[in-house]
Amino acid sequence: MMQRPGYTLLCLTLYALMRSWMLHRLQPFEQLMNRLPRPANYLPPAPPETARMIERAIMAWVRRLPLRLVCFEQGLAAYWLLQHYGYAVQLHYGARKDGSGMSAHIWVVSGDLGVIGHEQAADFALVATFPAE
């Protein structure tokens with residue numbers, strides 16, 4: 001049986017999602033990316049259980065909050081949470097051309113492990129990685 005996210009993780013996740021939602025609306029993308037804290041190079045990747053718990057906590061709030069929290073907000077929240085817990089983290093930004101024009105997607109990885117948004121990553125061409133590899 002999969003473990004449920006604890007109260008502390010759920011509270012931190014709510015804060016991270018609300019923070020990312022506000023910043024996404026108030027700051028241009030480039031400025032926001034430049035202000036993200038850079039994780040240390042020597043941090044270990046998140047254990048799979050921790051990555052799944054963070055994903056579950058984010059998705060629990062996404063389903064319940066009366067806001068539209070897209071991959072951008074979810075990815076920023078996962079980035080901040082992984083960094084808060086002391087794990088390696090990278091945010092990937094991709095784009096693709098579809099029937100209505102261009103679309104973008106953000107996904108987060110810790111080491112080689114996808115944390116959030118990674119299921120759709122194969123449909124997008126990687127444009128940028130933060131922090132840069």
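**Fold, core and selected residues of a predicted chain**

From the N terminus onward, the elements of the chain follow the order α-α-α-α-β-β-β-β. The radius of gyration is 14 Å, close to the 14 Å that the globule rule gives for 133 residues, so the chain is as compact as a globular protein of that length. Here the radius of gyration is taken over C-alpha atoms, and the globule rule is 2.2 Å times the number of residues to the power 0.38. In total the chain holds four helices and four strands. Helices (H or I, at least four residues) and strands (E, at least two) are DSSP runs, numbered from the N terminus.

The model is predicted: local features need pLDDT of at least 70, side-chain atom pairs count only at pLDDT 80 or more, and totals for chains, interfaces and linings use all residues. Residues are numbered from 1 along each chain as its sequence is written, and side-chain values use heavy atoms, with hydrogens and water left out.

The C-alpha trace spans about 40 × 40 × 30 Å along its principal axes. The accessible surface comes to about 7,900 Å². Carbon and sulfur atoms account for 57% of this surface. Accessible areas come from the Shrake-Rupley method with a 1.4 Å probe; for residues, only the protein chains shown count as cover. Of the 133 residues, 44% count as buried. Buried means under 20% relative accessible area, exposed means over 50%, and partly exposed lies in between (1.4 Å probe, protein chains only).

Contacts were also counted along the sequence. A contact means heavy atoms within 4.5 Å. Among contacts between residues at least 6 apart in sequence, 72% join residues at least 24 apart. The chain carries 12 positive and 9 negative charges, and their mean positions are 9 Å apart. Lys and Arg count as positive and Asp and Glu as negative, while His and the chain ends are not counted. The place of a charge is taken as NZ of Lys, CZ of Arg, CG of Asp or CD of Glu.

In soluble globular proteins, nonpolar side chains tend to be buried together. The largest nonpolar core of this chain has 32 residues. Such a core is a set of buried Ala, Val, Leu, Ile, Met, Phe, Trp, Tyr and Cys residues joined through side-chain atoms within 4.5 Å. Ile 54, Ile 58, Leu 76, Leu 82, Leu 91 and Val 108 touch the most other members. Two or more residues come from each of α1 (7-26), α2 (29-35), α3 (48-64), α4 (71-84), β2 (101-110) and β3 (113-116). Helix α4 gives the most, with eight residues. Leaving aside neighbours within four places in sequence, Val 108 is in contact with residues including Gly 75, Ala 78, Tyr 79 and Leu 82. Leu 113, Gly 114, Val 115 and Ile 116 are also among the contacts of Val 108.

Three further residues of α4 were examined. Gly 75 is found in this helix. Gly 75 is buried, with a relative accessible area of 0%. Apart from residues up to four places away in sequence, Gly 75 touches Leu 91, Ile 106, Val 108 and Ile 116. Beyond neighbours within four places, Glu 73 is in contact with Leu 17, Ser 20, Trp 21, His 24, Arg 25 and Arg 68. Gln 83, again in α4, counts as buried at 19% relative accessibility. With residues up to four places away left out, Gln 83 touches Pro 37, Arg 38 and Pro 39.

Pro 44 counts as partly exposed, at 43% relative accessibility. Residues up to four places away aside, Pro 44 touches Gly 86, Tyr 87 and Ala 88. Pro 44 and Trp 80 are 36 residues apart in sequence and 15 Å apart in space, C-alpha to C-alpha.

Val 127 lies in strand β4. Val 127 is exposed, with a relative accessible area of 54%. Not counting residues up to four places away, Val 127 touches Tyr 93, Gly 94 and Ala 95. Pro 131 lies in the segment after β4 (125-130). The peptide bond from Phe 130 to Pro 131 is cis, with omega near -10°.
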